[in-house]
Amino acid sequence: MKTLTRRTFLHASALSTAAVLGGPSLAVHAATPPKARVVVVGGGYGGAIAAKYLRMSDPDIRVTLIEKDSAYVSCPLSNEVLGGERDLASLTFDYRGLTRRGIAVMQDTVIEIDPAQHVVKGAGGNRYNYDKLIVSPGVDYDWAAIEGMSEAVAERIPHAWKAGKQTQILRRQLEAMEDGGVFYIVAPPNPFRCPPGPYERAAQVAHYFSTHKSKSKIVILDAKDAFSKQGLFQAGWQEHYGDMIEWVSGAQGGIIEAIDPETRTLMGSFEEFRGDVINLIPHQKAGALAQTAGLANESGWCPVDQRTFESSIHKDIHVIGDACIAGAMPKSGYSANSQGKVCAAAVVAAINGDAPPAPSYVNTCYSIIAPEHGISVAGVYRLDDGRIVDIPGAGGVSPADADARTRALEQQFALDWFRNITSDMFT
Amino acid sequence: MPVSTWSRALCVCLLIGMFPSLPLHAEEVRSESMLANTCAGCHGTLGASAGEVMPTIGGMDKGYLVEVLTDYKTGRRPSTIMGRIMQGYGDREISAIASFYAAQPWVSTDRVAVADQLAEAPALHERYCESCHQDGGRSQDAESPRMAGQWAGYLQYAMQACRDGERCHPRKMRNRVAELSDAQIAALAHFYESQK
Ligand SMILES: Cc1cc2nc3c(=O)[nH]c(=O)nc-3n(C[C@H](O)[C@H](O)[C@H](O)COP(=O)(O)OP(=O)(O)OC[C@H]3O[C@@H](n4cnc5c(N)ncnc54)[C@H](O)[C@@H]3O)c2cc1C
């Protein structure tokens, strides 16, 4: 049996301007010199897990987690905030649990990585030396892909694709919309964060509309001709919301080329659409830090060795989560969690002079279509010739003919999935 | 395993030992923790679930885990998602995963009993269940799971599935659970959850 020890750390010189998250019982420097220093940038679904599992498997490694925000707001279940089923507080987590595990959690924004010197630079001038660096910065947006869109316009035409303020803006607009209005969701091309997300969002908002403004409509303008769990979503929409949700595929004219934010008009390849509320989910690429640090290639995403998640561009830097190119794995919180663990094991092995371990990966995404209707997709993966591939016959989506009881159970399991994955990250 | 596969596996291992940078192939052995850590996103770190219908699995008996995981894989035990997931693992991997979780401490929920939730549960347990689920549901072996300190939501789901005939062995238990009302099932679930 493995025993987990929680080491006591002496609080040595606190690093100048960067705030240390997680309360006063900090652990900045170990009493004895560490075996190695690992810095993790980004305390989300990927980074928090990598930091924790590093500590769990080798307590002699000093782990520093750098996160720009004081608290983490989860995207998973944030569609329920749009539907009025929960508030953002229920999706907000702090880093005290990770501090208690002996991880030095620093609130700082990383602005530069020097791969030659093995140094990470923070916005306030702090420098963090590393032997191994793990980066999990999430996604950024390719504003230029749709004419008229920009970060400033997103204050009025929200994407709500990072949970927090953006989610609140969209929720308020939906609340203010008059009954009979049209809500447009502009869905991005692949690859993007959370493939089922836009379609779950449509269902959650339909749930709100059907109880508060039942004459309203939801139109999804899609850049794609197919989407995740499509059959299950379309059947579920029909079952609960009749014709309230309409999906326009790319081929049918769903591709949006430009927007006029003043008149809230979307310009498609055939038609224009004027919406009362517009949720434009932009085209995506690896988080800004990955771009500035030169970790991304021309695709906008970060190529890695899919066994270890070490960057194919810079040695000793690993990229996990949405930002990396991970073969058959979709960009999801569960994928980021699974990759964080594989990466942590590879980093521990490298530090201890062992061969990189044979990896195992899993993904699951639950979606909630109505209060008693959940669906899921799962994937189990292995490495084949350097690429992450689906294990044939494993995984797949919930059965199309599942009974009401199974759907209700899956909705409950979806909520518990959230409880457990966030406890895996933050406790 | 036929001899040829053995020698091939041995050969691969030797090669890996000599040339660590050699590309590895599908036959390579994935460690217990590597395989088992993928479950934690749903079942909690080291299998200690944060609730309510998702079961705690850390600290279960190894034999029971092997049986249950194999039953999910073959479809003998119906499930919403476990069947789809277990298709991804071979028998030796299932055994490795089971070893990992059997070696973890069992972490009971911190729920306490609320008297009016329990009603006749202790008496029902004594009469119908204690013969197999001994010591207030604390006992466990390769055939039957520990229930004390398990989440009530999961126990309720399992008992309902048993009563409704979806899955239930042994038959003797089915006969007893079949007679329980919804209220009695809820009471028993809270009873076991509150036993630590
Ligand atoms: C509406 C919606 C619903 C979703 N639902 C699900 C779901 O049900 N299931 C699921 O599995 N996934 C879901 N996802 C996807 C999931 O949110 C992402 O895949 C996941 O967050 C990816 O993890 P990550 O670590 O790559 O990035 P994030 O979780 O975004 O973490 C990145 C972190 O890095 C920090 N950071 C970035 N740059 C810097 C810097 N320079 N310096 C310091 N810190 C920095 C950020 O502040 C952030 O905390 C959903 C997404 C959306 C938008």
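**View 1. The interface of chain B and chain A.** In this predicted model, 40 residues of chain B are in contact (heavy atoms within 4.5 Å) with 47 residues of chain A. The two chains bury about 3,600 Å² between them, 58% of it on carbon and sulfur atoms, where buried area is the accessible area (1.4 Å probe) lost on putting two parts together, summed over both. Local features need pLDDT of at least 70 and side-chain atom pairs count only at pLDDT 80 or more, whereas totals for chains, interfaces and linings use all residues. Residues are numbered from 1 along each chain as its sequence is written, chains are lettered from A in the order in which they are written, and side-chain values use heavy atoms, without hydrogens and water.

**View 2. A salt bridge between Arg307(A) and Glu28(B).** The N to O distance of this pair is 3.1 Å, and the rule, a side-chain nitrogen of Lys or Arg within 4 Å of a carboxyl oxygen of Asp or Glu, finds two salt bridges across the interface of chain B and chain A.

**View 3. The cis peptide bond between Asn190(A) and Pro191(A).** Omega of this bond is about -10°, and Pro191(A) is found in the loop between β12 (182-187) and α5 (197-212) of chain A, with helices (H or I, at least four residues) and strands (E, at least two) taken as DSSP runs numbered from the N terminus.

**View 4. Positive phi at Ala160(A) and Asp385(A).** Ala160(A), with phi near 50°, is found in the loop between β11 (139-141) and α4 (165-176) of chain A. Asp385(A), with phi of about 55°, is found in the loop between β22 (373-384) and β23 (387-390) of chain A.
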